[in-house]
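Thanks for coming, everyone. Have the structure open while I talk.

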Amino acid sequence: MVDYVLSPLFNGLFMAMVVFLFTTGLTLIFGILRVLNFAHGGFFMIGAYVAFSIVRLVGGETSVLAYLAISTVAGIVVGLLGLVVERVIFRPLQKVDEAYSLIATYALLLITEGAVKAVWGVSFHSVATPDLLGGAVFAGDLFMPTYAIFIIAIGVASYALLEWVLQHTDTGKLMKSVASDPWMAGMLGVNVPRFYTFIVVLGFFLAGIAGGLLLPNQTLSPNLASTFVIQAFGALIVGGMGNIRGTFLAAIMLCVIDSFGSLLFSEVPGLFFYIAMTAALLLRPQGLIAGARL
Amino acid sequence: MLEAGPLDMFYGDSHIIQGVSIAVREGEGIAILGRNGVGKSTLLKGLMAGGPQVRGPIRHEGAEIGRLSNFERARRGFGFVPEDRRIYPHLTVAENIAMSGHAVRAGASPHTLDEIYGFFPMLRGLSNRLGFELSGGQQQVLAIARAVYARPACLLLDEPTEGIAPVIVEEIAERLIEMRRASGLTLILAEQNVWFARACTTRLYLLDSGRVVFSGSWPEFDAQPELSARYLAV
Ligand SMILES: Nc1ncnc2c1ncn2[C@@H]1O[C@H](COP(=O)(O)OP(=O)(O)O)[C@@H](O)[C@H]1O
Ligand SMILES: [Mg+2]
């Protein structure tokens, strides 16, 4: 029971929340600007490196609160980078064919990797989990690392917060409106370019804070940028292209299936992620939550 | 209040509007008449920075506004109701109306929802209905109400009568006439429905293939019945 049901379920949920935290910023920017940001992982990585540098600067063990604060600072730094990226790259892309945005953001990904190598070098680093999150909880025979429980809680809380903002606040309604018809929003007086800037900064902030939050789970190297790319695009696409709720559900579905699948077929890790993704797209090509943006 | 032209407007290589000049005084109502495909929508969208490439001057109260983006024009007091209405399906009637709050001019305040429901009583009972639940006629009235909410100085309406039941057409006409009288609203109306256009405006421009083929008052238009036969009848 524990080995074949609860444990893979728990691991799958943990991975799903890792993927969801990684993907929210990507989803938000794609949902509203229709720009598929290939460089998203690069900025997630920069968030992780910034958090790493702060941990080093502060030195030694960090409390949970400090870890959250450091992740937020990483988010703010990456958000400010987003401000520059929006002006220099995304804004001109609004006026040209979508194919250009793939090329431009892919180039940006290479730039982030180069920048990380130049600033932090190519060697591998890691950061200890904050003391309080370093342990584990046993529920019967089910082994649950405290850090994993924490990430699952953060993932669910982030989802709940984003969903609440989107459904119940004026800002959220405006986000959905601009996403579904930016042209009319402009005609009704909404400063759409400035709104796009705000969304890009928010999306980059989410990438950066995710980098900080997931840092204790990762080995830091310039390869980190591409670690979650497949899972992120999988969740984005299966979720219905730019939909927060869809991304959340798709991440859970794909990661839990993958987690059970790897029990059956441990030789090829991740195999069932692709199988689940393919099956989902064959059964529901429009994605889990189709039509609705965000 | 608005003097535009001669204007040329393009979609890619297609030269849609060719040397059109229009002017409208404060509080005046003008109609842009013409068959399907002559360029009425293109002209209105061009005035609102809403799609076509535009060449030529557009002056609003003496200032050139041709380089302003759509939201800046909206905030100068231009309320636009496009041909496809573009009601937000996920927003309620009340939320759709409030969206144009972004277009309120500096130092001004929007109408209250209650005032809007006073002008358009059929919307009052629908206040919490979502956009996608409305009929075509209800959507059209809502689109106009939404534009009016921001207290625009000038309303640009693109064929508000198309596909709408006659009773609602009459009601819209009454509202527009009343608003022009009460608040000095300026109106630029693209239409094919001559009865409605005549009821709401004092002058007209007749378009054919992107050019003005007649401009003048309604009596002047009536004095040349061949215009209607040649450029409007199907
Ligand atoms: N987005 C567009 N791209 C290319 N051509 C367009 C576009 N919109 C309209 N046209 C063309 O411009 C011409 C005028 O259309 P339109 O302004 O919609 O006319 P009207 O509103 O008088 O019916 C038509 O020939 C139409 O095919
Ligand atoms: Mg038209």
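Start at D208(B). Leaving aside neighbours within four places in sequence, D208(B) is in contact with G34(B), V38(B), V213(B) and Y231(B). Contact here means that the C-beta atoms, placed from the backbone, lie within 7 Å. A word on the model before I go on: it is predicted, local features need pLDDT of at least 70, side-chain atom pairs count only at pLDDT 80 or more, and totals for chains, interfaces and linings use all residues. Residues are numbered from 1 along each chain as its sequence is written, while chains are lettered from A and ligands numbered from 1 in the order in which they are written.

Back to D208(B). It is found in strand β10 of chain B, residues 203-208. Helices (H or I, at least four residues) and strands (E, at least two) are DSSP runs, numbered from the N terminus.

Next, ligand 1. Among the residues around it are G34(B) and V38(B), both of which are in contact with D208(B). Others include Y11(B), K40(B), S41(B) and T42(B). To be near, a residue needs its C-beta atom, placed from the backbone, within 6 Å of the molecule. Which elements give two or more residues to this shell? They are β2 (14-24) and α1 (40-47) of chain B. The largest share, three residues, comes from α1(B). By class, the shell has three nonpolar, eight polar and one charged residues. In this scheme Ala, Val, Leu, Ile, Met, Phe, Trp, Tyr, Cys and Pro are nonpolar, Asp, Glu, Lys and Arg are charged, and the others, Gly among them, are polar.

Now chain A. Its secondary structure comes to eleven helices and two strands. The order along the sequence is α-α-α-α-β-β-α-α-α-α-α-α-α. The C-alpha atoms fill a box of roughly 60 × 50 × 35 Å along the principal axes. Buried residues make up 51% of the 294 in chain A. Of its contacts with a separation of 6 or more, 78% join residues 24 or more positions apart.

One example is L28(A), in helix α1 of chain A. L28(A) counts as buried because it has 26 C-beta neighbours inside 10 Å. Beyond four places in sequence, it touches I199(A), L202(A), G203(A) and L206(A). L28(A) and L202(A) are 174 residues apart along the chain, yet their C-alpha atoms are separated by 8.4 Å.

How do the chains meet? 14 residues of chain A are in contact with 18 residues of chain B. On the chain A side, α6 (170-180) and α7 (182-187) give two or more residues. That side divides into six nonpolar, five polar and three charged.

Helix α6(A) has buried residues too, including M175(A), V178(A) and A179(A). Their cover includes α1 (2-33), α5 (146-168), α7 and α8 (192-214) of chain A, together with α3 (93-99) of chain B.

Last, L156(B). Outside its sequence neighbours within four places, L156(B) is in contact with L44(B), L47(B), M48(B), F78(B), F80(B), V81(B) and I188(B). That's my tour.

Methods. Two residues are in contact if their C-beta atoms, placed from the backbone, lie within 7 Å. A residue is buried if 20 or more other C-beta atoms lie within 10 Å of its own, exposed if 12 or fewer, and partly exposed in between; C-beta atoms are placed from the backbone.
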